[in-house]
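Subject: Structure handover

Hello,

I am passing this structure on to you.

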Amino acid sequence: HMSCPFPDSMRRYADVCTCMGGYTGPDMTGPCEKCADDEYCFSTGRGKCVEGAELVGDHSKCVCSVGYHGQDNGGPCEKCEEGHMCAGGEMEPDMCPTGKIANDDHSACVIKPGFYADAADTAELAAVSCTDGKVCLGGAGGAEADCLANSEPNEGQTSCVCNPGFTGADNGACATCPAGSKCAGGAAAPETCGANSESSTDKTDCECKEGFHGPNSGTCEACPSGSFCIGGNNVDSCPAHSTSSNEGKSCSCNAGYSGDGKTCGACAAGHICAGDGAAPVYCAGAGRTPNEFRTECICTGLWKDWDNNADCRRKTYEELTQQSINVPECTLDTNQPHVVLDRDYDSDNQQRFGVGKWKAIPDYRCINEGMGNTGKAAEACVIHNCKFYSDSLSKAYFYHGATARFFEHSWWNGQHSDGSGNDWYGRAQGLNGGNWEDQTSSFIVSAST
């Protein structure tokens, strides 16, 4: 066989010497010129690679790149179809199995998000659907996994997303929504709540604060008068006998009523109620009683104010008659200090008098004017058919420590004991002819202790 003239760049093919790959020139005679860096050369041909093709190492030809398919040296080289892999060159595209997709350059099939590869996986086997409650991110590894705290798989189980009320990037850590904000979940940024509103308990929405009302994530207005608003879009009327309090957050009972603001009833008998949550207060002390509206303790009827209603004293006889109030009949507890006056030593003409300032008035009446010598009020009263109505005083008996002062302020002089050891009698001094029925005449009965 005849050798080729340029053995370093020519080879014999079927008795024809031709330029080897990467060179070009005339057959048989040569010489063979080395191919340019961006060209392919073989025998007498040369050219540049089309789009999607690349030179082989010795520049002898152009082949379709991985991710493309077509004829060598001129193609055309077409992009690999979706869901297929293309190894390059003249090989036909291969469809990826179920649950797998081509990687970015279509050089291989990898696990599709939402699927995972079982232990016996090969390139030709289909992937397995993701298990409920798991997430399958896909990719070359193709494993399934659990989501982090406060997140869950999305609908296709292709990624983990933050639950509503939390915020964070997909497949990352999820933080609790900040106070005063709402978080829809996923990767959405927190939204700040508007004026007079706050985060709902689960941080998924904004609700009106107590004392305000309005739709969630809307405008919050002050609670109307006569109502209470517990928050959100709730407006409730205050119950009977109550009104709004605590800036519309609750109701409190009106003055004269008591209760917890949810129910209000009339103030208990004998008590006054200031309202606004105050407890009922008993009108303590003689003569003190609630007014008509049960808002204040007052002195009524036979009683009068004393020390700004802190105490009540009995009205005098004069005050009762001036106010057209019936004067009660006198009663006497014989176990208490009192005096018995005797007229003409006649036991049928004895009259008992308790502590107080006494006076005889026409129509055979004796009145207790209601003032004792201590300044404290005895009870004003009247004795009808009083048996002592003249100045013919003969004897007086003193019981349980009683003393008496008559007319012109001289003390009754008890000189003789009746033998009981407790009761005293004696004769009047200083009468000076005083007329019992003269209304300027009077005597005072006091207790010695």
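The notes below cover the disulfides and then the backbone of a few loop residues.

Please keep in mind that this is a predicted model.

Disulfides

The structure holds 21 disulfides. A disulfide is a covalent bond between the sulfur atoms of two cysteines. Three of these links were looked at in detail.

- C35 is joined to C41, with 2.0 Å from S to S. The link is right-handed, at 75 degrees about the S-S bond, and both C35 and C41 are buried.
- C223 is joined to C229, with 2.1 Å from S to S. This disulfide is right-handed too, with 85 degrees about the S-S bond. C223 and C229 are both buried.
- C267 is joined to C273, with 2.0 Å from S to S. The torsion about the S-S bond is about 80 degrees, so this disulfide is right-handed. Both C267 and C273 are buried.

Loop between β3 and β4

This loop, between β3 (23-24) and β4 (33-34), contains P31. The peptide bond leading from G30 to P31 is cis, and its omega is near -10 degrees. M28 is placed in the loop between β3 and β4 as well. M28 is not a glycine, yet its phi is positive, near 70 degrees. Its relative accessible area is 33%, so M28 counts as partly exposed.

Loop between β37 and β38

R294 sits in the loop between β37 (288-290) and β38 (297-299). R294 has a positive phi of about 55 degrees, although it is not a glycine. R294 is partly exposed, because its relative accessibility is 30%.

Regards

Key:
Residues are numbered from 1 along each chain as its sequence is written. This is a predicted model: local features need pLDDT of at least 70, side-chain atom pairs count only at pLDDT 80 or more; totals for chains, interfaces and linings use all residues. Side-chain values use heavy atoms; hydrogens and water are left out. Helices (H or I, at least four residues) and strands (E, at least two) are DSSP runs, numbered from the N terminus. Buried means under 20% relative accessible area, exposed over 50%, partly exposed in between (1.4 Å probe, protein chains only). A disulfide is a pair of cysteine sulfur atoms within 2.5 Å.
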